[in-house]
Amino acid sequence: MSLTLSKRPSVAREDGAPEALRIVPLRRTGQRATAVVVLVLLGIALNSVVRNEAFQWGVVADYFATTAVLRGLWLTLWLTAVVMALGFALGTLLAVMRLSANPVLRGVSWGYVWLFRSTPILVQLLFWFNIGALYPQILGVRTVNLMGPVTVAVVGLTLHEAAYAAEVVRGGILSVERGQIEAAQSLGLGRLRRLRRIVLPQAMRSIVPPAGNMLIGTLKGTSIVSIIAVNDLLYSVQLVYHRTYQVVPLLLVATLWYVVVTSLLSVGQYYVERYYARGSAGSR
């Protein structure tokens with residue numbers, strides 16, 4: 001709490017010593033007024049949403065936990081988990097290649113990251129969805145109808161996420177002090193063992209926050225696979241409102257589920273960050 005000195009002049013006491021200045025809290029009238037205005041505006045906005053009949057909250061409640069919606073939610077969660085696991089596995093390999101002394105490996109890794117970060121994910125998915133038109137046969141295997149929509153989604157999203165995961169992991173590895181690596185070398189640890197036992201555990205402190213953001217972004221980004229008819233959460237509600245024409249309440253169903261899941265993931269991210277931040281100055 002900020003304090004300020006009272007402007008009341010000092011008065012001499014009976015013994016001749018001056019009276020101590022009285023310290024009073026600093027008044028924050030502007031901050032309090034701003035907070036009141038913001039709360040009033042939020043209340044007005046919330047009231048307009050809750051009482052607006054166009055949102056059809058009764059319909060939202062009816063469809064929120066239906067079998068079709070929950071099935072789409074499960075596929076969305078499954079896609080997110082698979083894409084993040086495969087994306088970070090490939091991204092870690094690309095990060096190690098980027099930090100390699102081999103110029104060919106560095107060039108291949110840099111080119112991969114450059115290519116997949118430079119093209120929109122929707123374009124990548126459409127390319128993979130039409131891979132049969134580009135390469136009718138690969139190693140004697142016909143590619144037409146070889147990959148279904150779910151497989152296309154996994155492949156496309158994984159390759160896209162790997163490019164970003166590679167930079168996240170590379171940044172985390174570079175954040176480890178050079179002295180730690182030199183100490184491991186002096187103990188005779190091999191490169192792979194140094195990476196697994198020394199570098200990555202310390203790099204996780206820098207990797208986890210952006211990785212958590214990537215996880216939440218991937219969860220929401222999976223909604224793009226609805227364009228290739230993958231029956232995820234968004235596509236599931238689309239199938240319903242194409243039949244009932246209740247577009248707004250069904251979109252609210254999807255929105256609320258995304259909010260619930262991302263909120264849970266944010267809580268989990270907080271505890272994972274706190275675990276890896278043990279011993280650091282900013283840990284709580």
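A salt bridge here is a side-chain nitrogen of Lys or Arg within 4 Å of a carboxyl oxygen of Asp or Glu. Keep that in mind as you click around this predicted model.

**Start with the whole chain.** Show it as a cartoon and you'll be looking at 11 helices and 4 strands. Of the 284 residues, 30% are buried. Now think about contacts with a separation of 6 or more: 68% of them are between residues 24 or more positions apart.

**Next, select helix 7, residues 149-174**. Show the side chains of Glu167 and Arg170, which both sit in this helix, 3 residues apart, or about one turn. They meet in a salt bridge, with N to O at 2.9 Å.

Which helix does Arg98 come from? Color helix 3, residues 67-98, and you'll find Arg98 there. This pair ties together distant parts of the chain, as Arg98 and Glu167 are 69 residues apart.

How many salt bridges does the count come to? Just 2 by this rule.

**Last stop: turn the surface back on.** Are Glu167 and Arg98 buried or partly exposed? Glu167 has a relative accessible area of 21%, so it is partly exposed. Arg98 also comes out at 21%, and is likewise partly exposed. The cut-off for buried is under 20%.

Notes
Residues numbered from 1 in each chain as written. Predicted model: local features only at pLDDT ≥ 70, side-chain atom pairs only at ≥ 80, totals over all residues. Heavy atoms only, no water. Helix = DSSP H or I, 4+ residues; strand = E, 2+ residues; numbered from the N terminus. Buried < 20%, exposed > 50% of the residue type's maximum accessible area, 1.4 Å probe, protein only. Contact = heavy atoms within 4.5 Å.
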